[in-house]
Amino acid sequence: MTFFSPGDLFLILPELLVIAAACVVLILDPVMPSNLKDGLAWLSLGTLAVCMGLIASQMGYPASAFGGVVAIDAYACFWKLLLCFVAGLTVLLSYSYLKEERLYFGEYYAFVLLALCGMMVMVSATELLAIYLGTELMSLSLYVMAGLKRSEPRSLEASAKYFVLGAFSSGILLYGISLLYGATGSTRLPAIADAVAGRSLDDPLLLFATILLAVGFAFKLAVVPFHMWTPDVYQGAPTSVTAFMAVASKAASFGAFLRVFAEGLGGLKTDWSTIFLVLCVATLVLGNVVALVQTNVKRMLAYSSIAHAGYALIGVVATGRLGGSADSAHGIASVLLYLALYTFMTFGAFAIVAMLRKGSIEGEEIEDFTGLARRQPVAALLMLVFMVSLAGIPPTAGFIGKFYVFMSAVEADMTWLAVLALIFAAVSAYYYLRLVLVMYMREPDAITADSPRLVLSPTLSIVLACAIAGVVIFGIYPDPLIQLAAQATLPLK
Amino acid sequence: MSVPIHYYLILSAFMFLTGLVGVLVRRNIIVILLCIELMLNATNINFVAFAEYLHDLGGQIFVFFTLTVAAAEVGVGLAIVVAIHRSKDTINVEEFNLLKW
């Protein structure tokens, strides 16, 4: 029997704080006078700041808690820092977005915090049960958040679709976990790694377990052909929620996914890297090509986020191919780096979309961006930088991310994959730059009360400043982030 | 004499596939929810059967958590169904067509 000590609780203090703050928000929301409810956002933000400090202080001291169920290693800390940062940006963005949309729900912030706690558990757990519980806590909170705009049928529809496909994928993931438990006799990743060492997928139980786990995670990562929920949900959900989903839920899913496959199923790396190679190529092709024909910016960004999952998967495939050699760390580090950089540009782009108003509703069609450069040059310039970065053009963060991912593919002797990805990056430049063209080259119509405009607020300015700083600074001087990602990689068995 | 492990696995695989196919072909969102429950219960059979087979309690503990999560999932799911029924007067997924499916 293993019992836990108070020291274990101290190690998971960031998670406990986030949960506590979520509970406090839920309790205070109904009893607080409505003019003080802004305080809930500031409370959430303060908690996140404290958590980031705590996590940063844990960074250099790897530890494990609860008899090896939770690992507080550099890998977990890297993701947790990123996730807390994104949650902070989400709170700041939502603060003005919710007011603009007239959504006065204090529990919104509680859901952000609960989802964040689920994500933090996902990335630090080394036990399949804990990973599953984290995934579910994240997903359940996100289903509710997607449907928060109850007056808007599209939001409810997005929520219903997300729920059905999310629960479906969780079922598949769980069935995979149960088979893996049967095949290896444990749900702990280190024990699973010992049990699969030297075995191959000839064992049918292990084969089905690996495939079902891959499919379950592919749904969460929105990888083709398991991506069909993504465009609908991203378009229908409130934009602040979309930004949170597109960035944080993807990062957390990658975190858990990499840990399960590298740490738990490392012995089968040649087999799973083939599975992911197929998914990766399909994602790159379909994500980029379908994005070309979208007319709704949120939908276009959804397909772009699918395509970006494809680029990140290149790093995963390279990790599997490089195997036990010292270079395999490069693969994982490139995935971490890619998702960290992807955060800034995608969140920035969604923040602009969130605050573009057309009359009293959101302006989310590409046409709504017509002539934005004339009326709001700064906003248009920011959007230009985000789009250029998403397309991967130097000297922006997007280029650095793509460069390291492609390098890891080349190191793994898969130059063809890097070339293919490069071709589709060129394709993606078409749809990103089309938006820029619409903003800069087209004359705006006569300005009426209904013509689209960007509603600025101090909190939105902070969000945009963080995003643009990340894109530009890490585009020019990425060294600190690269070092951090290199320290945070997982050992591949 | 105990029941061999593969009997359980065949039962659970059949249940899982029934749920899986049900989610894909049925049109009523409540029935889809039931099918998802079927998938989750199939995993519970697996866990209990393996726990018995491996003489390891971990699988049984897992089932408690799965049941709890399934209950929470149904709670959220039914709330979404009620909200969507209020706004659209239908729970047929084919009529969820505001967003391209």
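**View 1. The largest nonpolar core, with the residues that touch the most other members.** Welcome to the core, which holds 227 residues; Leu83(A), Leu113(A), Leu116(A) and Ala351(A) touch the most other members. A nonpolar core here is a set of buried Ala, Val, Leu, Ile, Met, Phe, Trp, Tyr and Cys residues joined through C-beta atoms within 7 Å. Buried means that 20 or more other C-beta atoms lie within 10 Å of a residue's own; exposed means 12 or fewer, partly exposed is in between, and C-beta atoms are placed from the backbone. Helix H14 (residues 328-355) of chain A supplies the largest share of this core, 21 residues. Leaving aside residues up to four places away in sequence, Ala351(A) touches Leu93(A), Ala243(A), Leu460(A), Val463(A), Leu464(A) and Ala467(A). Touching, or contact, means C-beta atoms, placed from the backbone, within 7 Å.

A note on all the views: this is a predicted model, in which local features need pLDDT of at least 70, side-chain atom pairs count only at pLDDT 80 or more, and totals for chains, interfaces and linings use all residues. Residues are numbered from 1 along each chain as its sequence is written, while chains are lettered from A and ligands numbered from 1 in the order in which they are written.

**View 2. An open sheet in chain A, with strands in the order S4-S3-S5.** The three strands pair in antiparallel fashion. Strands S4 (361-362) and S5 (453-454) of chain A stand at the edges with a single partner strand each, so one side of each has no neighbour in the sheet. Two bridges join S3 (residues 356-358) of chain A to S5(A), and Arg357(A) has Arg453(A) as its bridge partner. Strands count as paired if DSSP finds at least two bridges between them; helices (H or I, at least four residues) and strands (E, at least two) are DSSP runs, numbered from the N terminus.

**View 3. The contact between chain A and chain B.** Chain A brings 33 residues to the contact and chain B brings 35 residues. On the side of chain A that touches chain B, the elements giving two or more residues are helices H6 (128-146), H7 (153-184) and H10 (229-236) of chain A. H7(A) gives the most, with 19 residues. The predictor assigns the complex an ipTM of 0.95 and a pTM of 0.94.

**View 4. Helix H3 of chain B and what covers its buried residues.** Among the buried residues of H3(B) are Gly59(B), Phe62(B), Val69(B), Glu73(B) and Ile84(B). Their cover includes H6 and H7 of chain A together with helix H2 (29-54) of chain B. The 31 residues of H3(B) should span 45 Å at 1.5 Å a residue, and its end C-alpha atoms are 44 Å apart, which agrees; the expected span is 1.5 Å times one less than the number of residues. After H3(B) comes Asp89(B), whose phi is positive, near 60 degrees.

**View 5. Thr66(B), a residue of helix H3 (residues 58-88) of chain B.** Buried or exposed: which describes Thr66(B)? Thr66(B) is buried, because 23 other C-beta atoms lie within 10 Å. Apart from residues up to four places away in sequence, Thr66(B) touches Leu174(A), Leu40(B), Thr43(B) and Asn44(B). From C-alpha to C-alpha, Thr66(B) and Thr43(B) are 8.7 Å apart in space, and 23 residues apart in sequence.

How values were computed. Two residues are in contact if their C-beta atoms, placed from the backbone, lie within 7 Å.
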